[in-house]
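Subject: Structure handover

Hello,

Here is the structure I said I would pass on. My notes on it follow below the structure.

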Amino acid sequence: ISADNGTMSNLATADDGLTWTATFTANTDVEDLSNAVQVGAAYTDLAGNAAISGPGNISSNYVIDNKAPTATIELTDEALKAGETTTLTITFSEKVSNFSNADVTVASGSLGTLSSTDGIVWTGTFTPSVNLEDATNVITLANTYTDVAGNAGQSADSGNYSVDTKAPTASVTLTDNT
């Protein structure tokens, strides 16, 4: 017996060899829509007649999806200044569900409502905090979302971005104020 993208336990019979059962265990990290179990022709019946190979020895199709979705996070502008905003784009490896702004943590700013037309690419507007200078910031995606098969997603971080929305100030000193 061979099984696509998985292994079979030892075969067992409870009815003198008419019906055989085994447990199929899918390989990890697999997403494949086309799989089958095939019984080879290397067996005989009790009279010694050889098996016949053919389409009857192949199972119907089964789907395996135990692969966790992944994501990349990008900002259009990674050096934000006063009065600027930028687009945040989160691109998943496949369509996701149970995803919202609650899954995203932003530093030094706020994120508008994320939206998607296909469930794979999500965008929102990032607005930096005012009156702030911070050269080291990261946006973090939690692993609280799932793909449509229910596999938990993987966490991800954006690249570093800087925020400088603090206006410069000046001080004037007179050496003689009379």
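In what order do the 3 strands of the open sheet with mixed pairing stand? The order is β10-β20-β16. Please keep in mind throughout that this is a predicted model.

The strands β10 (79–81) and β16 (133–137) are at the edges of that sheet, and each has a single partner strand, so one side of each has no neighbour in the sheet. On average, neighbouring strands here are turned by 10° against each other, with direction ignored. The pairing of β10 with β20 (residues 161–164) is parallel and runs over 3 bridges. Within that pairing, Lys81 has Asp164 of β20 as its bridge partner.

Another open sheet has 4 strands, in the order β9-β11-β15-β14, and its pairing is antiparallel. Its edge strands are β9 (71–75) and β14, each of which pairs on one side only. From one strand to the next, the twist averages 25°.

- β9 and β11 are antiparallel and share 5 bridges; Leu75 stands opposite Leu88 of β11.
- β11 (residues 86–92) and β15 are antiparallel, joined by 6 bridges. Thr89 has Thr123 of β15 as its bridge partner, and Thr91 has Val121 of β15.
- β14 (residues 109–111) and β15 are antiparallel, joined by 3 bridges. Gly109 is the bridge partner of Pro128 in β15, and Ser110 stands opposite Thr127 in β15.

β15 (residues 121–128) is split by face: Trp122, Gly124, Phe126 and Pro128 make up the covered face, while Val121, Thr123, Thr125 and Thr127 make up the uncovered one. In general, the side chains of a regular strand alternate between the two faces of the sheet. Put together with the bridges, Thr123, the partner of Thr89, belongs to the uncovered face of β15. Val121, the partner of Thr91, is on that uncovered face as well. Pro128, paired with Gly109, is on the covered face.

Phe99

Is Phe99 buried or exposed? Phe99 has a relative accessible area of 9%, which is under the 20% cut-off, so Phe99 counts as buried. Phe99 is located in the loop between β12 (96–97) and β13 (104–105). Leaving out neighbours within four places in sequence, the contacts of Phe99 are Ile90, Phe92, Val104, Leu114, Trp122, Leu141 and Tyr145.

A nonpolar patch

Which residues make the nonpolar surface patch of about 320 Å²? They are Ile1, Leu11 and Trp20. Trp20 is part of strand β4 (residues 20–21). With a relative accessibility of 47%, Trp20 is classed as partly exposed.

Most residues other than glycine have a negative phi. Two exceptions to look at are Asn5 and Asp29.

- Asn5 is not a glycine, yet its phi is positive at about 55°. Asn5 sits in the loop between β1 (2–3) and β2 (6–8). The relative accessible area of Asn5 is 24%, and Asn5 is partly exposed.
- Asp29 is likewise a residue other than glycine with a positive phi, near 60°. The loop that holds Asp29 runs between β5 (24–26) and β6 (31–35). Why does Asp29 count as exposed? Its relative accessible area is 51%, and exposed means over 50%, so Asp29 falls in that class.

That is the end of my notes.

Regards

Key
Residues are numbered from 1 along each chain as its sequence is written. This is a predicted model: local features need pLDDT of at least 70, side-chain atom pairs count only at pLDDT 80 or more; totals for chains, interfaces and linings use all residues. Side-chain values use heavy atoms; hydrogens and water are left out. Two strands pair if DSSP finds at least two bridges between them. Helices (H or I, at least four residues) and strands (E, at least two) are DSSP runs, numbered from the N terminus. Axes are lines fitted to C-alpha atoms, for helices over the stretch in contact, and angles run from 0 to 180 degrees between N-to-C directions. Buried means under 20% relative accessible area, exposed over 50%, partly exposed in between (1.4 Å probe, protein chains only). Contact means heavy atoms within 4.5 Å. Patches are made of residues with over 30% relative accessible area and no salt bridge: like charges are joined within 9 Å, nonpolar side chains (Val, Leu, Ile, Met, Phe, Trp, Tyr) within 5 Å. Accessible areas come from the Shrake-Rupley method with a 1.4 Å probe; for residues, only the protein chains shown count as cover. A salt bridge is a side-chain nitrogen of Lys or Arg within 4 Å of a carboxyl oxygen of Asp or Glu.
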